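Please find below my notes on this model, as numbered points.

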Amino acid sequence: TGFNMEKMNNFYKNKKILVTGATGFKGSWLCCWLLHMGAKVYGTGYSPNQNKNLFYQLKLNKKIRLGIFDIRDKKRLDKFILKSKPSIIFHLAAQPLIIESYLKPHKTIDVNVGGTLNILEASKNYAFVKSVVMITSDKCYENVGKLTRYKEDDVLGGIDPYSASKSSSELIIRAYRESFFKDKRKCGISSARAGNVIGGGDWSANRLIPDGIRSLLKGKSIYLRNPNFNRPWQHVLEPLRGYLILAKKQFINPKKFSDAWNFGTKNNSIKSVKEIVEYMISFWGNGKIKYNKKVKYYEQKNLQLDIKKAKRYLDWYPTYSVKNGVKITTEWYKDVFKNKKDPFKVTINQILEYMNENNWR
């Protein structure tokens, strides 16, 4: 069938959209895309955010209506939602790091579960909300080390606090959908599960590409602790396109599309850390790798998502190869920091390029 770009732009034009976690990495990219399509964008953000510099680099604070408060603050959130009256909500606000979840388990679970709960309550209570896409994680599955990919109806779980917070959120989303939305209120409620994303403007600590870029900018060698670690890599625009398609279809037909959805990678998207950094250096134009002398050659069992369902019912499919994803990511930093281009223009151009490549397929 193919997704028509025109139709997509027309759908989002002038719609009131709320993005929670707007000041984060994915949130910033999503706000840019929605603005480009002519949506009226409202965002919530929280101050101690490592990726806030992307949000402000893009001057999004001047382009969207922003509320800075903790997603756990139900009163503030309700007030903001009542004032903005969004018809679509993308819920991205979360504590997103597994490492951090070991340091601050209570906070991680509180933010991730409490934030989800607050958005669900608002969606249940306010009739102007018609479509809600709740971003959870591919870590919501019980990692049983299986060789096949995880399907949407596989068992949920997780042994670290972050994964537990995401699987808990999934259970709560489902309970709300079954209890309050089925036949009772015309509003689509879905959860979206995606994994490792890369893209320009990510400054998270302990993430491969941001760490690599910091080294390249300083002219230092990129130090690799685990060069043979494999990960499924995906450019940020891929899952975002999935969320946008889902929000639209669900808006039009909530009964049919309210569900759990995987937005994972293509089959050949597992690459080692070393391969990714080699791509980066070649696209940057120079750079060196330094290895940890005591390299342990063991494979981390990766959890990969089965994406047949999204492909079949949403007509969504990832289109960038890993190499292309790394190329576009590296070019973003290069354009912004080496060539001193306007970050917002660079971001919008990458979105346009991606849309053209996809025909919004």
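**Notes on the model**

1. Phe283 lies in helix H11; helices (H or I, at least four residues) and strands (E, at least two) are DSSP runs, numbered from the N terminus. Phe283 is buried, at a relative accessible area of 18%, where buried means under 20%, exposed over 50% and partly exposed in between (1.4 Å probe, protein chains only). Contact here means heavy atoms within 4.5 Å. Leaving aside neighbours within four places in sequence, Phe283 is in contact with Lys323, Val326, Lys327, Thr330 and Lys334. Its C-alpha is 6.0 Å from that of Lys327, a residue 44 places away in sequence.

2. On provenance: this is a predicted model, in which local features need pLDDT of at least 70 and side-chain atom pairs count only at pLDDT 80 or more, while totals for chains, interfaces and linings use all residues. Residues are numbered from 1 along each chain as its sequence is written, and side-chain values use heavy atoms, with hydrogens and water left out.

3. The largest nonpolar core has 75 residues, and Tyr12, Val19, Leu34, Phe90 and Phe263 have the most contacts inside it. Helix H11 (residues 273-284) gives the most to this core, namely eight residues. A nonpolar core is a set of buried Ala, Val, Leu, Ile, Met, Phe, Trp, Tyr and Cys residues joined through side-chain atoms within 4.5 Å. A second, separate core has 22 residues, including Phe69, Val111, Val132 and Met134. In soluble globular proteins, nonpolar side chains tend to be buried together.

4. What does Phe90 touch beyond its neighbours within four places in sequence? The contacts are Tyr12, Ile17, Leu18, Val19, Thr20, Leu30, Leu34, Val133, Tyr243, Leu244 and Ala247.

5. Strand E5 (residues 131-135) is mostly covered, with five of its five residues buried. Ser131, Val133 and Ile135 point one way from E5, and Val132 and Met134 point the other way. In a regular strand the side chains alternate between the two faces of the sheet.

6. E5 has parallel pairings with strand E4 (residues 88-91), over four bridges, and with strand E6 (residues 188-193), over five bridges. Two strands pair if DSSP finds at least two bridges between them. Ile88 stands opposite Ser131 in E5, and Met134 has Ser191 in E6 as its bridge partner. E5, helix H7 (residues 161-181) and E6 form a right-handed β-α-β unit; right-handed means that, with the strands pointing away from the viewer, the path from the first strand over the helix to the second runs clockwise.

7. The disulfide count is zero, a disulfide being a pair of cysteine sulfur atoms within 2.5 Å. For Cys31, the nearest cysteine sulfur is that of Cys32, 7.2 Å away. Cys31 is buried at 0% relative accessible area, and Cys187 is buried at 4%.

8. Ser221 sits in the loop between H8 and strand E8 (222-224). At 32% relative accessibility, Ser221 is partly exposed. Leaving aside neighbours within four places in sequence, Ser221 is in contact with Ser215, Lys288 and Lys290.
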